[in-house]
Amino acid sequence: MTVLADTALAADARRERRFFLSLSLPALFIVGLAAILPIVWIIRQSFLTTGGEYTVGNYEKVLSSGLTWSALVTTLELSLGTLAICILLGTPLALALASARPRVANLLMAFVMLPLWTSILVRTYGWLVLLRRDGLINAALTGSGLTAEPLPLVYNFTGTLIGMVHYMLPLFLLPVYAAMRDIDANLIRASASMGATLGQAIRTVILPLSAGGIFSGSIIVFIYTIGFFITPAVLGGGKVNPLSIRIERTLSTFQDWGSASVLGILLLILMALMGVMFLAARRLIAGRKVGTAHA
Amino acid sequence: MMKSLPITIDSVRKTYGSYVALDDVSLDIQAGEFLTLLGPSGSGKTTLLMALAGFVRPDSGKLLLDDRDITRLAPNKRDIGIVFQNYALFPHMNVLANVEYPLALRKTPKVEARQRALDTLARVKLEGLSERNIAALSGGQRQRVALARAIVFEPRVMLMDEPLSALDKNLRETMQYEIRRLHDDLGITTIYVTHDQREALIMSDRVAVMNSGRIQQIDTPQQIYDRPSTRFVAEFMGEANIVAPGSVRRIDGADPSREALMIRAESFHLDAKLVGRDGVALDGTLCAKAFRGENWLLTLALDGGQEILVCIPAALASGCAELTTGQRVTAYAPAAKVHAIPGARA
């Protein structure tokens with residue numbers, strides 16, 4: 001009798017598990033269709049000549065080209081530059097938001113999020129209006145006599161970086177703000193009661209406890225920026241050429257699917273490498289015994 | 001023994017909009033005293049504690065540590081140890097790092113800091129747990145770490161905000177005893193906030209009962225319990241009956257008091273012989289009775305209509321089991337346990 005009940009219960013449990021598993025099938029299907037298949041296709045493509053024969057020539061061509069390596073360097077410079085500026089600007093901003101009163105914080109948050117609701121193309125051209133030689137910023141600078149000549153703010157690396165930071169800052173801010181807001185206010189009070197100045201409390205309590213959020217934000221920034229296309233295309237003025245632009249050029253100018261695929265794989269490997277490095281660094285920091293409290 | 005300091009709270013006022021959290025509170029705390037702020041939630045006790053800590057800025061009034069005005073001093077310069085309600089231990093540091101933290105801020109040499117932290121951990125009976133993570137500690141152990149962290153830098157005053165409210169009953173009683181002993185060893189001026197009147201009675205040199213932003217009474221635990229100065233204090237401190245003078249007759253027939261009288265439920269006897277000739281008697285009918293283990297709780301409707309609670313220890317309550325509701329019962333109380341509350345009405 002009990003044996004029968006047991007097997008019936010076990011069957012119920014199995015059925016339930018299967019049911020919940022089946023709920024994830026549509027998502028798995030889409031991921032397979034939209035992510036894995038194209039990657040497989042690109043890998044295949046990278047080993048084919050335009051005539052459709054097997055070759056490693058695409059790799060030889062791409063990897064021996066100086067353009068590839070300079071594009072790789074530009075990609076890293078843009079990504080890491082954006083990341084560095086996001087950390088420098090975003091962390092204090094998140095701190096200010098997290099310590100503001102809820103109503104003020106919500107209002108400021110709405111301002112931060114506003115750009116996210118605007119098309120990236122619109123925003124990028126908006127920057128163009130602001131940054132070009134006869135744009136608003138240069139007009140103000142020369143008009144007020146601060147600079148004699150208009151500054152080269154756009155159609156170069158600087159302009160691209162400004163546009164990318166503007167796009168990424170809200171996305172970086174969200175996880176950092178969430179992590180900081182979750183810190184118990186009494187922890188900061190406790191550290192003050194034991195003699196910590198605000199700076200010491202930030203260094204010894206707030207930053208260590210929001211490191212997870214800063215890491216998440218950094219990964220988001222890196223993964224987004226490594227494939228950025230529109231911003232460098234519009235604000236780079238042809239002088240800023242990361243891998244994404246090289247890929248587009250290879251396709252539109254030369255219709256060279258093989259080389260473009262190799263460049264795409266390069267981008268993938270870069271992303272994977274950085275992902276692994278981020279995770280390793282995160283584990284290193286989390287695993288380290290914060291044995292000393294020395295401020 | 002640390003050098004502890006007296007505290008003076010001089011007409012401190014704090015409002016939030018139209019809500020008065022502290023209504024011109026004045027209070028003197030002696031050096032080395034264990035004083036408890038007792039009151040229901042919203043009475044202002046935690047606000048007062050946070051004002052002392054420097055996290056709440058008073059609208060007016062003065063806070064003095066010894067004879068130094070600390071009203072406008074930043075929290076990190078006050079040198080006050082605080083034990084928070086939820087302990088507020090740093091989750092990213094282990095036990096030892098938490099306790100070393102205030103010493104590290106004071107640039108204490110590392111070797112000395114470690115030794116002092118370990119000594120303090122031993123004092124709160126946490127030897128051998130110094131390398132543990134906070135997440136791996138039980139509630140009682142966390143409480144001890146919080147204590148160690150608050151005393152390791154030898155502050156001159158210690159503030160405790162309902163530190164035991166998260167612990168279960170047995171552990172709470174052990175910790176009450178240990179906190180009091182720690183206080184006696186260190187001689188540190190301690191201000192303790194709780195809403196638990198038993199805890200306040202057990203631990204304190206003096207108790208300040210607070211309600212709606214004011215101190216209702218400040219006195220020794222015994223005085224607070226036996227001689228409450230207001231109806232609020234009487235009722236907050238235990239099962240108090242406030243009866244109109246008309247419902248009470250003197251056993252010896254003398255004129256009764258003209259003021260409302262407070263008689264605690266456990267002051268009553270059912271046997272007139274256990275009460276002196278100058279005691280009082282209250283006549284009524286039994287409405288309800290309940291056996292509570294160590295005692296019986298009877299509810300009596302007095303002839304004036306008021307209901308009172310009568311608590312008879314099980315050892316003296318041989319007749320209680322046979323009482324039936326509706327039966328006439330007379331409750332007697334000795335004169336020493338009858339306390340007139342000026343201005344209170346039954």
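Two strands are taken to pair if DSSP finds at least two bridges between them, and helices (H or I, at least four residues) and strands (E, at least two) are DSSP runs numbered from the N terminus. On this basis, strands E11, E13 and E18 of chain B form, in that order, an open sheet of three strands with antiparallel pairing. Strand E11 (240-243) and strand E18 (339-340) of chain B stand at the edges with a single partner strand each, so one side of each has no neighbour in the sheet. Strand E13 (residues 261-264) of chain B pairs with E18(B) in the antiparallel sense over two bridges, and Leu261(B) stands opposite Ala340(B) in E18(B).

The model is predicted, so that local features need pLDDT of at least 70 and side-chain atom pairs count only at pLDDT 80 or more, whereas totals for chains, interfaces and linings use all residues. Residues are numbered from 1 along each chain as its sequence is written, while chains are lettered from A and ligands numbered from 1 in the order in which they are written.

A further group of paired strands in chain B involves strand E14 (residues 280-291), which is joined to strand E17 (residues 328-333) by six bridges, the two running antiparallel; in E17(B), Tyr332(B) is the bridge partner of Ala281(B). E14(B) also runs antiparallel to strand E15 (residues 295-302) of chain B, to which seven bridges join it, with Gly284(B) opposite Leu302(B) in E15(B). E14(B) and E15(B) form a hairpin with three residues between them, and Gly293(B) in the turn has a positive phi of about 95°.

Another open sheet of chain B consists of six strands in the order E6-E7-E8-E3-E9-E10, with mixed pairing. Its edge strands are strand E6 (80-83) and strand E10 (214-219) of chain B, each of which pairs on one side only. The twist from one strand to the next averages 20°, where axes are lines fitted to C-alpha atoms, for helices over the stretch in contact, and angles run from 0 to 180 degrees between N-to-C directions. Within this sheet, strand E3 (residues 34-38) and strand E9 (residues 206-211) of chain B run parallel and are joined by four bridges, and Thr36(B) stands opposite Val207(B) in E9(B). Helix H4 (residues 139-151) of chain B packs on the sheet, touching E6 and strand E7 (157-161) of chain B, and its direction makes about 170° with that of E6(B).

Between the chains, 21 residues of chain B are in contact with 22 residues of chain A, contact requiring that the C-beta atoms, placed from the backbone, lie within 7 Å. On the side of chain B that touches chain A, E6 and helix H2 (95-105) of chain B are the elements that give two or more residues, and H2(B) gives the most, with six residues.

In chain A, the axes of helix H4 (residues 66-99) and helix H8 (residues 157-181) come within 7 Å and cross at roughly 45°. That angle makes H4(A) oblique to H8(A), because angles under 35 degrees count as roughly parallel, over 145 as roughly antiparallel, 65 to 115 as roughly perpendicular and the rest as oblique.

Methods. Contact = placed C-beta atoms within 7 Å.
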